[in-house]
Amino acid sequence: MAAFHPPTWEPLFAAASRNPKDDAAWSDLYVALWPYLTDWILSRYGLDPSRAADILQDALLQYRTKLAAGKTVQPSLAHLRGFVRISVLSALRDQSRLVSLDEIVSRPSPVDPEQDLLQKLMIDEALDRLDLRCAYVLRAKYFQGRTSAEIATALGLDTGHVDVILHRCRERCREILTAFSP
Amino acid sequence: MSNSYKGWELLYQMPGGTKDPFQDPYGPTSECFSSNDVVRMFELGALSRDVSHLSRCKECRERVERFGEVTAPELAQSMYRSVPWWRKASQGFRTPQPAFAALASPQTLVYVPTTCSVNLAQGSVDTIRMQLITRRVDDLRRCTLRLEGPVTANAGCLVAGSEPYPWVEFHNVQASDDVIRELRLHNRITELVFLKVGETEQRLCLKGTSNIEFEGI
């Protein structure tokens, strides 16, 4: 009988990072990670399924290149997720899907593209520190462009209630981000 | 908010920064699936409680349908094993190569609600009925449905129904010698069965896997 056991990520990352040129180890890591990361980016960012594979592949290639160059010192799932986020956010930005994201931090996008991406990355990271409902409504609103009415239908609430939740969740997200201001 | 990468690194040190991102449910309700749930369902088939939630949650239905549409595992594996990564990186390969794309096929989530009876004397299996949670109903009408693994069947048929997702039935199913041998030792066994939907054996348009429970009669 086949039973379900999620992979233990540390040994896979350790094997891949020991020798960044070891294709077999990277293939094992990619194949193990692929379904999990695919669901992760599809559910949270509303990406087109046909683009998900390309975006993941891009992220993994960049991550591997950094490792080979000795620029990444902590190979881990959390670190790789950072690369995946960069690929996803870049793709969403290319589609102009992140126009309103800056509303969360109440400031316009920085002019410098790198700083702009960093600001969006930090917002995205901060969302993962919120409770599940906040993370869901903020992503639905600002990453997937859904209206309050659509979110209200999914949550089984009225639109006014969703607007209140959105306001509170934005506040909490700002608190997390400002906690790390210099 | 910090304007340096240091801020991003600090975020990782916050509570929750290093937790397994695939364990948390994600969706409008606390019963929504985690990534682990989604992967488990596609590997081993959906359980009754999964289908029950799917019937109530539009978000999770769309999530599962979209996940099934992504077609990359074989593609990625083939590319990584055939093209050295540094060569690929240096040549700027960013898109899947057509030669490998033919290997990939979408997946369907499979739900088998009942235990299947195996006639131990003849090695035949009663009808296997399964629900396929997929958008690709047209492919099911057009292509041949086969079961492989511990049981084999060559001509599944689509059963029209009022359900949101199609049901298919397999008749004339044959159990393998291993299954019959195991069922002579145990009352019930659970085995992983492979569903393949395609115009030919090589050209699949849909595939799925599910645990199925068998009992001997």
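Two residues are in contact here if their C-beta atoms, placed from the backbone, lie within 7 Å. Keep that in mind for the stops below.

This is a predicted model, in which local features need pLDDT of at least 70 and side-chain atom pairs count only at pLDDT 80 or more, while totals for chains, interfaces and linings use all residues. Residues are numbered from 1 along each chain as its sequence is written, and chains are lettered from A and ligands numbered from 1 in the order in which they are written.

**Stop 1: two helices in chain A**

Select residues 148-155 of chain A, which form helix H7, and then residues 159-178, which form helix H8. (Helices, H or I with at least four residues, and strands, E with at least two, are DSSP runs numbered from the N terminus.) Their axes come within 8 Å and cross at roughly 100°. Axes are lines fitted to C-alpha atoms, for helices over the stretch in contact, and angles run from 0 to 180 degrees between N-to-C directions. H7(A) and H8(A) are therefore roughly perpendicular to each other (under 35 degrees counts as roughly parallel, over 145 as roughly antiparallel, 65 to 115 as roughly perpendicular and the rest as oblique).

Which residues meet here? Show A:Ser148, A:Ala149, A:Ile151, A:Ala152 and A:Leu155 on H7(A), then A:Thr159, A:Val162, A:Asp163 and A:Leu166 on H8(A). By class, this contact of H7(A) with H8(A) has six nonpolar, two polar and one charged residues. (Ala, Val, Leu, Ile, Met, Phe, Trp, Tyr, Cys and Pro count as nonpolar, Asp, Glu, Lys and Arg as charged, and the others, Gly among them, as polar.)

**Stop 2: the domains of chain A**

Color 9-97 of chain A as domain 1 and 98-182 as domain 2; the bounds come from an automatic or database domain assignment. The C-alpha centres of these two domains of chain A lie 23 Å apart. Their contact takes eleven residues from domain 1 and ten residues from domain 2. On the domain 1 side, helix H2 (23-45) and helix H4 (77-94) of chain A each supply at least two residues. H4(A) gives the most to that side, with six residues.

**Stop 3: the seven-strand sheet of chain B**

Now hop to chain B and find an open sheet of seven strands in the order E5-E10-E11-E2-E3-E9-E6, with mixed pairing. (Two strands pair if DSSP finds at least two bridges between them.) Strands E5 (144-148) and E6 (151-152) of chain B stand at the edges with a single partner strand each, so one side of each has no neighbour in the sheet.

Start from E5(B): five bridges join E5(B) to E10(B), and the two run antiparallel. Eleven bridges join E10(B) to E11(B), also antiparallel; click B:Leu195 and you'll find it opposite B:Gly208 in E11(B). E2 (116-119) and E11 (204-216) of chain B run parallel, joined by three bridges. Helix H9 (177-185) of chain B lies across E2, E6, E9, E10 and E11, running at about 30° to E11(B).

**Stop 4: the four-strand sheet of chain B**

The order in this open sheet is E1-E4-E8-E7 of chain B, with antiparallel pairing. Four bridges join E7(B) to E8(B), and B:Val159 stands opposite B:Trp167 in E8(B).

**Last stop: confidence**

Color chain B by pLDDT, the predictor's confidence in each residue, from 0 to 100. The average is 79, with 74% of the residues at 70 or above. Over residues 73-103 of chain B, pLDDT stays under 50. Where pLDDT is low, the predicted coordinates should not be read in detail.
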